[in-house]
Amino acid sequence: MAINADEMYINGDYSYKNYLSLSKEELLMILHWRNHPSIRSKMNNTSEISVESHLQYVENLKDRTDAVYWLVLYKDIPIGTLNIIDWENKICEPGFYLSPEVMGKGESIFFLYNYKSFLLNVIGFEKLIGHNYLDNLSALQFTIFFGADITDVTEVNNRLNVSSCLVKESFNQLTSQRLISKYMKFLKTWNINDILGKYEVFKKYAEE
């Protein structure tokens with residue numbers, strides 16, 4: 001899978017700018033987002049990241065062929081980040097977050113749709129692997145809405161972790177027209193017990 005670090009990729013109104021082409025000001029903006037409590041509380045590492053550590057991490061990306069990070073812009077306005085790590089056989093696991101200023105303002109569903117379209121239809125991946133903690137229920141709802149299948153449910157550090165796989169063909173059955181209306185209709189039929197009820201570890205949590 002060839003990804004050009006020097007190219008700004010365009011997908012509709014969204015653009016994807018590689019971290020290696022960002023200014024220091026842009027990198028510090030991203031660090032500010034990452035250290036915001038609403039974002040770092042969702043991370044595996046919930047600690048604040050220092051400026052030195054952040055800049056060194058980006059510098060190290062120059063020598064890596066297994067990781068790509070992008071600043072995501074909507075109509076030239078920075079709104080979030082996207083990354084992929086350790087991809088192979090046209091399968092990747094993306095990581096992402098929206099800026100604190102954008103979170104909760106209705107942008108999430110369009111951002112999620114676009115980045116999945118970008119990775120599957122522009123970059124050319126066939127499958128996207130995902131992991132969502134069950135206590136981040138809205139993320140899991142979006143995962144299933146976009147067509148992913150649940151592949152496993154495990155317990156990690158006393159939290160339920162839901163694994164999923166989104167296949168390109170399944171995602172492309174969903175169009176961007178009337179996306180919010182489709183999502184609201186989905187939520188009316190959403191039932192977590194129907195989706196996760198076959199997993200014993202989920203049953204234990206449900207009983208508690």
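In this predicted model, the lining of the second largest pocket splits into nine nonpolar residues, two polar ones and one charged one. The pocket itself has a volume of about 150 Å³. Of the 12 residues that line this second largest pocket, Ala5, Asn18, Arg64, Ala67 and Val68 sit closest to its centre. Strand E3, covering residues 67-74, gives the most to this lining, with three residues.

The largest pocket has a volume of about 1700 Å³. Its lining takes in 50 residues, and Lys42, Met43, Gly95, Phe96 and Tyr97 are the ones that lie nearest the centre. Sorted by class, the lining of the largest pocket comes to 26 nonpolar, 18 polar and six charged residues.

Turning to the helices, H4 (residues 108-123) and H7 (residues 179-189) have axes that come within 10 Å and cross at roughly 105°. An angle of 65 to 115 degrees counts as roughly perpendicular, so that is how H4 runs relative to H7. On the H4 side, the contact is made by Ile109, Phe110 and Tyr113, and on the H7 side by Leu179, Ile180 and Tyr183. By class, this contact between H4 and H7 has six nonpolar residues, with no polar and no charged ones.

Helix H4 also holds Ser117. With a relative accessibility of 12%, Ser117 counts as buried, the cut-off for that label being under 20%. Leaving aside residues up to four places away in sequence, Ser117 touches Asn11, Val122 and Phe171.

Helix H5 (residues 137-145) has seven of its nine residues buried, so this helix is largely enclosed by the rest of the structure. The buried residues in H5 are Ala139, Leu140, Gln141, Phe142, Thr143, Ile144 and Phe145.

Backbone angles bring up a couple of other spots. Most residues other than glycine have a negative phi. Lys90 is not a glycine, yet its phi is positive, about 60°. This lysine, Lys90, lies in the loop between strand E4 (77-88) and strand E5 (91-98). Lys90 has a relative accessible area of 43%, which makes it partly exposed. Arg178, again a residue other than glycine, has a positive phi near 50°. Its place is the loop between helix H6 (168-171) and H7. At 64% relative accessibility, Arg178 counts as exposed, the cut-off here being over 50%.

Another loop residue is Ser99, found between E5 and H4. Is Ser99 buried or exposed? Its relative accessibility is 1%, so Ser99 counts as buried. Not counting residues up to four places away in sequence, Ser99 touches Trp33, Ile39, Ile79 and Gly80.

Two residue pairs show how spacing along the chain relates to spacing in the fold. Asn193 is part of helix H8, and with 46% relative accessibility it counts as partly exposed. From Asn193 to Lys203 there are 10 residues in sequence and 8.7 Å in space, C-alpha to C-alpha. In the other pair, Asp6 belongs to the segment before strand E1 (9-11). Asp6 counts as exposed, given its relative accessibility of 74%. How far apart are Asp6 and Lys188 in space? From C-alpha to C-alpha, Asp6 and Lys188 are 43 Å apart, and in sequence they are 182 residues apart.

How values were computed. Residues numbered from 1 in each chain as written. Predicted model: local features only at pLDDT ≥ 70, side-chain atom pairs only at ≥ 80, totals over all residues. Heavy atoms only, no water. 1 Å grid on protein atoms, 1.4 Å probe; cavity = no way out; pocket = protein on both sides within 12 Å on 5 of 7 lines; lining within 4 Å. Points joined across faces, edges and corners; volume = space filled by probe spheres on them. Nonpolar A, V, L, I, M, F, W, Y, C, P; charged D, E, K, R; others polar. Helix = DSSP H or I, 4+ residues; strand = E, 2+ residues; numbered from the N terminus. Axes fitted to C-alpha atoms, helices over the stretch in contact; angles between N-to-C directions. Parallel < 35°, antiparallel > 145°, perpendicular 65-115°, else oblique. Contact = heavy atoms within 4.5 Å. Buried < 20%, exposed > 50% of the residue type's maximum accessible area, 1.4 Å probe, protein only.
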